[in-house]
Amino acid sequence: MARLPRLSVTGVPHHVILRGNNRQPVFVDREDREFFLAQLAELAQRERVQVHAYVLMDNHLHLLLTPQQEGGLSRLMQSLGRSYVRRFNLRHGRSGTLWEGRYRSTVIDSERYLLACMVYIDLNPVRAGMVPATELYPWSSHAHYIGLRHDKWLTPHPLVWSLGNTPFAREAAYAELVRQGLSTARQRELSESALQGWPLGGAVFLARLREQTARRLEKGRAGRPRAPAAAPGESG
């Protein structure tokens, strides 16, 4: 079956996942991670893609991005992947592919899922057993949103600003969202939608998307198409 084209819509948040080939490490040390983030900041500005949140794990990464021009997201990810692999291979004396094929992504309904997606991204290191608390992991945007660090190249989504009238109030409210965590069902929704490429949102959100793209937005039913019902008096 032909692979569906990747869904990308200007002005809508995208949850992006990029994995190492065969789940091999894509970050070995601090220098790798710092270079990746510097490239991300530079290329996102060039391609007019807002970076809302990120986490760099050992063998994969998550990004929450909103492209501001058509094609910006794909150009960003292609340039980022290539420039990082060139330097990674040179530094670590290796050759060949680093990534597990193309990046996975989907669009998300910001009203329903954006803050949940940020929490999901922040909690990755805790779920993996790397740290006991999100604020102890230095390679995510979590510290920025709770006031421990300022990543000037990040663009908070308007929904973050709605969490409070002052920076302290917003930081406290976001920290509480992370402390509450996510249900297993919500985690599965966020993971599977990005990996499979289906948009994540309600009926109104999907209706708006249909006005912006001709790509199929929902899974078809499994199995063979049902045969039309026989007219009265006809035999099967």
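What follows is a chat about a strand, some salt bridges and a helix in a predicted model.

User: Before we start, what kind of model is this, and how are residues numbered?
Analyst: It's a predicted model, where local features need pLDDT of at least 70 and side-chain atom pairs count only at pLDDT 80 or more, while totals for chains, interfaces and linings use all residues. Residues are numbered from 1 along each chain as its sequence is written, and side-chain values use heavy atoms, with hydrogens and water left out.

User: Okay, strand β3. How many of its residues are buried?
Analyst: Eight of the eight residues in β3 (residues 60-67) are buried. Buried means under 20% relative accessible area, exposed means over 50%, and partly exposed is in between, using a 1.4 Å probe and protein chains only. Strands here are DSSP runs of E with at least two residues, helices are runs of H or I with at least four, and both are numbered from the N terminus.

User: Which residues point which way from β3?
Analyst: His60, His62, Leu64 and Thr66 point one way, and Leu61, Leu63, Leu65 and Pro67 point the other way.

User: And which strands pair with β3?
Analyst: Strand β1 (residues 14-19) pairs with β3 in the antiparallel sense, over six bridges. Strand β2 (residues 49-56) also runs antiparallel to β3, and seven bridges join them. Two strands pair if DSSP finds at least two bridges between them.

User: Who is the bridge partner of Val16 in β3?
Analyst: That's Leu63. A hairpin of three residues joins β2 to β3.

User: Switching topic: how many salt bridges are there in the whole structure?
Analyst: A search finds 12. A salt bridge here is a side-chain nitrogen of Lys or Arg within 4 Å of a carboxyl oxygen of Asp or Glu.

User: What does Glu47 form a salt bridge with?
Analyst: One partner is Arg46, with the closest N and O atoms 3.2 Å apart. Another is Arg75, where the closest N and O atoms are 2.8 Å apart.

User: What about Arg87 and Glu31?
Analyst: Their side chains meet in a salt bridge at 2.9 Å, N to O. Arg87 sits in helix α2 (residues 72-92) and Glu31 in helix α1 (residues 30-47), so this pair links parts of the chain 56 residues apart. Both belong to a network of salt bridges that also links Asp29, Asp32 and Arg91.

User: Last one, helix α6. Which of its residues are buried?
Analyst: Arg170, Tyr174 and Val178 are buried in α6. They are on the same side of α6 because they cover an arc of only 70° around the axis, the arc being that of the directions from the helix axis to the C-beta atoms.

User: What's on the other side, and what covers the buried residues?
Analyst: Phe168, Arg179 and Gln180 are exposed on the other side of α6. What covers the buried residues includes α3 (110-127), α4 (142-145) and α5 (158-161), with contact meaning heavy atoms within 4.5 Å.

User: And what comes just after α6?
Analyst: Gly181, which takes a positive phi of about 75°.
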